[in-house]
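Visitor: I'd like to learn how to read a structure like this one. Could we take it one feature at a time?

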Amino acid sequence: MLKTETSDLWWKSAVVYCLDIEKFFDADDDGVGDMVGLAQRIDYLAELGVTCLWLMPFYPTDDRDDGYDIIDYYGVDPRLGTHGDLVELIRTAKDRGMRVIADLVVNHTSHKHPWFKAARSSKESPYRDFYVWRDEPPTDTSDDVVFPDQEDSLWAFEEKTGQYYLHNFYTEQPDLNIAHPKVQEQIAKIIGFWLQVGLDGFRVDAVPFFIEDRGLPKRWSELYGDPHEYLRELKAFMGRRRGDAIFLGEVNVTYRDQVDFFGGAEGDELTMMFDFELMQRMYLALARQDATPMVKTLRRRPELARHSQFANFVRNHDELTLDKLTEKQRQEVFEAFGPEEDMQLFDRGLRRRLPPMLDGDPRRIRMVYSLLFALPGTPVLFYGEEIGMGENLQIEGRMAVRSPMQWTAGKNGGFSTAAPSRLAAPVTEGAYSPEFVNAEQQRSDPDSLLAFISTLARRYRECPEVGMGEFEVLDHEVPAVLAHRCTWAQFGGGTASSVLVHNLAPEATEITVTLQDVEEGTEVLDLHDGSHRTVEAGGRLTVSLDGYGHHWLRLLLPGDRRLH
């Protein structure tokens with residue numbers, strides 16, 4: 001049976017949900033979330049409309065970096081469960097129609113990984129070249145460290161062998177020498193193993209560090225050839241093992257460089273990448289209540305291969321990075337959404353969740369999440385966003401957004417019955433505490449944020465043109481409003497097309513856009529309220545918007561036979 005494009009390219013119409021297992025639900029009440037607990041909450045995620053589950057690292061760890069410092073790439077952290085629990089979790093998710101991906105963290109290991117323990121023991125160790133070493137004292141690299149509040153150099157001295165090793169992140173996370181063929185062989189084995197267990201792909205951590213020359217004695221290309229060729233080979237290997245598996249890359253670089261990481265016109269490297277450029281301009285636009293930064297960014301978004309895709313997000317598990325903005329623009333966002341120093345991180349980002357940044361304004365919060373699902377690409381949610389969780393600034397650094405999921409108004413937000421002192425992280429207090437923000441209350445409230453985001457997920461799935469089709473930004477005269485159109489030529493004939501309109505300002509307004517190829521009298525259905533309007537002469541469509549209003553408008557074109 002011939003598969004359709006929508007199943008072949010499942011990631012182009014997916015709803016991705018990222019979660020930290022140890023913060024999600026604790027089934028055995030030891031204070032740490034676990035795989036059994038997550039499996040018990042799969043139906044909740046299915047009801048929400050999630051179609052792809054992204055698991056943050058669940059491997060054995062020294063817990064220096066919330067699981068991103070891995071001791072065993074083939075293991076499962078015993079606090080979280082066993083391989084058997086993981087297989088049952090994956091099976092349960094797939095039974096509900098969800099694919100499952102997990103973090104692939106192979107640019108560095110824990111300093112307690114057997115490879116590094118062997119490498120640091122002797123210069124003659126067969127694992128010595130798995131890492132990057134130098135004899136001479138390094139120059140000042142304090143401006144290049146990822147965590148300037150914790151580290152002051154990219155190099156650490158190893159006393160036993162008298163050399164320095166490279167660590168782009170924490171000292172306890174030595175960088176792997178990805179250019180070395182033996183390391184590349186190990187990475188392929190890791191990927192093959194987890195695909196065999198049942199994963200549908202990987203979110204690839206810190207991809208630019210993957211192929212950098214920093215620290216190598218010579219340029220990568222002089223040592224081992226084109227680093228992008230390695231990414232292509234890795235993608236091809238994954239494709240041979242599992243044809244529809246994906247690489248979702250964390251690549252915070254400019255659009256020009258992102259095209260290279262996609263694999264250019266061939267699209268034979270990363271399958272998807274997070275759109276950091278658009279996310280950062282979205283916050284600038286929100287701060288200004290002017291859509292212009294988003295309009296300009298969308299218009300310079302590069303054209304991708306048919307099977308490549310951008311992933312859109314409002315928040316993720318790290319600080320909300322603003323490094324692509326100018327210093328003046330960054331200060332605008334700080335002043336609007338994080339004016340206190342404790343809300344900021346490294347002078348380049350915010351350690352806050354969206355609802356507190358928007359002062360809890362439900363109109364504005366809903367508009368932003370409507371925008372998330374309406375933007376061309378694939379939406380990615382971070383756990384708790386669907387109920388409007390806030391950050392916990394009492395938790396250090398970027399971990400402020402990784403507090404336990406809030407299930408009920410009861411003890412520990414229903415996350416665990418363990419003593420609060422034993423929890424994986426403290427529960428958020430104050431206006432965003434479980435007493436006021438929890439899933440149980442919202443599940444029974446048809447007007448809740450949870451119900452609204454569930455509806456958005458359904459609308460997004462019903463409008464494949466948003467993820468699958470071509471898009472254009474529509475001209476009009478109101479700077480506060482972003483209007484764009486997504487169009488997709490459906491299999492079997494017909495065209496699916498929607499106009500998506502979002503007002504970033506508190507004042508009501510009206511816009512008129514011109515749809516050059518749409519005939520006068522074409523009916524337009526508002527997917528939120530069910531109202532109808534028609535396209536006027538010359539393809540003109542007039543839309544009224546409330547303050548922070550938003551509309552998903554389906555053009556009922558000939559041949560569009562979807563449920564209306």
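Guide: Gladly! This is a predicted model.

Visitor: Which residue in S13 is the bridge partner of Leu345?

Guide: Gly349 is the bridge partner of Leu345.

Visitor: What is the order of the strands in the sheet they belong to?

Guide: The order is S11-S13-S12, an open sheet of 3 strands with antiparallel pairing. Strand S11 (320-321) and strand S12 (344-345) each have a single partner strand, so they stand at the edges and one side of each has no neighbour in the sheet.

Visitor: How do I read the two faces of a strand, say the covered and uncovered faces of S21?

Guide: Check which side chains fall on each face. In strand S21 (residues 540-545), Leu541, Val543 and Leu545 make up the covered face, while Arg540, Thr542 and Ser544 make up the uncovered one.

Visitor: How many bridges join strand S18 to S21?

Guide: Strand S18 (residues 509-514) is joined to S21 by 6 bridges, and the two run antiparallel. Within S21, Leu541 stands opposite Val513, and Leu541 is also one of the residues on the covered face.

Visitor: Now a single residue. Is Met367 buried or exposed?

Guide: The relative accessible area gives the answer, with buried meaning under 20%. Met367 has a value of 0%, so Met367 is buried. Met367 lies in helix H15 (residues 362-374).

Visitor: Which residues is Met367 in contact with, leaving aside its neighbours within four places in sequence?

Guide: Met367 is in contact with Leu286, His502, Asn503, Leu504, Tyr548, Gly549 and His550. For a distance across the chain, take Val87: Met367 and Val87 are 280 residues apart in sequence and, C-alpha to C-alpha, 38 Å apart in space.

Visitor: And how do I read the chain as a whole?

Guide: Start with the secondary structure, which comes to 18 helices and 22 strands. Next, compare the radius of gyration with a rule: a compact globule of 564 residues would have one near 24 Å, and the chain agrees because its value is 24 Å. The C-alpha trace spans about 80 × 55 × 55 Å along its principal axes.

Visitor: What share of the residues of the chain count as buried?

Guide: Of the 564 residues, 60% count as buried. The chain exposes about 22200 Å², with 47% of it supplied by carbon and sulfur atoms.

Visitor: Where do the charges sit on average?

Guide: The chain has 61 positive and 94 negative charges, and their mean positions are 3 Å apart.

Note on methods. Residues numbered from 1 in each chain as written. Predicted model: local features only at pLDDT ≥ 70, side-chain atom pairs only at ≥ 80, totals over all residues. Heavy atoms only, no water. Buried < 20%, exposed > 50% of the residue type's maximum accessible area, 1.4 Å probe, protein only. Helix = DSSP H or I, 4+ residues; strand = E, 2+ residues; numbered from the N terminus. Pairing = 2+ DSSP bridges. Rg over C-alpha atoms; globule rule 2.2 N^0.38 Å. Areas by Shrake-Rupley, 256 points an atom, 1.4 Å probe, with all protein chains shown as cover. Lys, Arg positive; Asp, Glu negative; His and termini not counted. Charge placed at Lys NZ, Arg CZ, Asp CG, Glu CD. Contact = heavy atoms within 4.5 Å.
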